[in-house]
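Could you have this one open while you read? I went through the fold and jotted down some remarks.

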Amino acid sequence: MKEDKDFMRRAIALASESVRRGGGPFGAVIVKDGEVVAEGSNSVTLLNDPTAHAEVSAIREACRKLGTFHLEGCTVYTSCEPCPMCLGAIYWAGIKQIFYGNTRKDAADIGFADDFIYEELERPLEHRRLPIHPLLRDEAQENFRLWEKKSDKVEY
């Protein structure tokens with residue numbers, strides 16, 4: 001569809017602009033009902049923020065503009081196949097579909113390898129490179145009891 005290509009070209013242009021101003025080579029556009037709601041580019045090194053990926057930045061902006069944390073009915077166009085963090089954010093946001101340009105292999109070929117995260121997620125906790133230790137679960141459970149009893153909670 002022509003519109004899809006136009007939105008993807010905008011995501012690719014954002015990635016190019018990002019490289020020129022010192023960011024990473026990634027751009028994303030969020031669209032709802034044929035209109036651009038938000039744009040984002042990779043600002044990890046510019047902001048010293050490892051979560052400042054293009055898709056996450058665009059999701060944050062779209063949520064602010066639309067006044068909601070759930071982006072149902074939205075589509076994301078991203079210059080590269082989303083990393084695990086961005087993919088998780090896209091799922092949590094309820095975005096209905098993803099279009100991407102470069103593959104994660106293309107990204108790995110220029111030094112942006114995130115396959116290790118996919119691999120780590122498949123390993124049992126005790127075999128991951130990053131040690132993960134349960135601690136004070138009994139005390140932490142109180143928060144879940146409070147949430148369960150809350151009558152005015154907003155589910156997500």
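1. Some ground rules. This is a predicted model, in which local features need pLDDT of at least 70 and side-chain atom pairs count only at pLDDT 80 or more, while totals for chains, interfaces and linings use all residues. Residues are numbered from 1 along each chain as its sequence is written, and side-chain values use heavy atoms, with hydrogens and water left out.

2. The sheet. Four strands make an open sheet in the order β2-β1-β3-β4, and the pairing is mixed. At the edges sit β2 (35-41) and β4 (97-102), each pairing on one side only. Neighbouring strands are turned by 15 degrees against each other on average, direction ignored. For reference, strands are DSSP runs of E with at least two residues, helices are H or I runs of at least four, and both are numbered from the N terminus; two strands pair if DSSP finds at least two bridges between them. Axes are lines fitted to C-alpha atoms (for helices, over the stretch in contact), and angles run from 0 to 180 degrees between N-to-C directions.

3. Strand β1. This strand covers residues 27-32 and runs antiparallel to β2 over six bridges, with V31 standing opposite V36. The two form a hairpin with two residues between them, and D33 in the turn has a positive phi of about 50 degrees. β1 also pairs with β3, again antiparallel, over five bridges; there K32 faces C74. Five of the six residues of β1 are buried, so the strand is largely enclosed by the rest of the structure. Buried here means under 20% relative accessible area, exposed is over 50%, and partly exposed lies in between (1.4 Å probe, protein chains only).

4. Helix α3. Residues 54-66 form this helix, which packs on the sheet and touches β1, β2 and β3 (74-80); its direction makes about 140 degrees with that of β2. Contact means heavy atoms within 4.5 Å. How far apart are the end C-alpha atoms of α3? They are 18 Å apart, which agrees with the 18 Å that its 13 residues should span at 1.5 Å a residue (the expected span is 1.5 Å times one less than the number of residues). Its buried residues, among them V56, I59 and C63, pack against β1, β2, β3 and α4 (84-93). G67 follows α3 and has a positive phi, near 70 degrees.

5. T75. Look at this one in strand β3: T75 counts as buried, at 6% relative accessibility. Leaving out residues up to four places away in sequence, T75 touches V29, I30, V31, I95, K96, Q97 and F99. The side chains of T75 and Q97 are joined by a polar contact of 3.5 Å (a pair of N or O atoms within 3.5 Å; within protein, one must be able to donate a hydrogen and the other to accept it, and residues adjacent in sequence count only if both atoms are side-chain atoms).

6. E120. Is this glutamate buried or exposed? E120 is buried, with a relative accessible area of 11%. E120 belongs to helix α6 (residues 115-122) and, setting aside neighbours within four places in sequence, is in contact with R128, R129 and L130.
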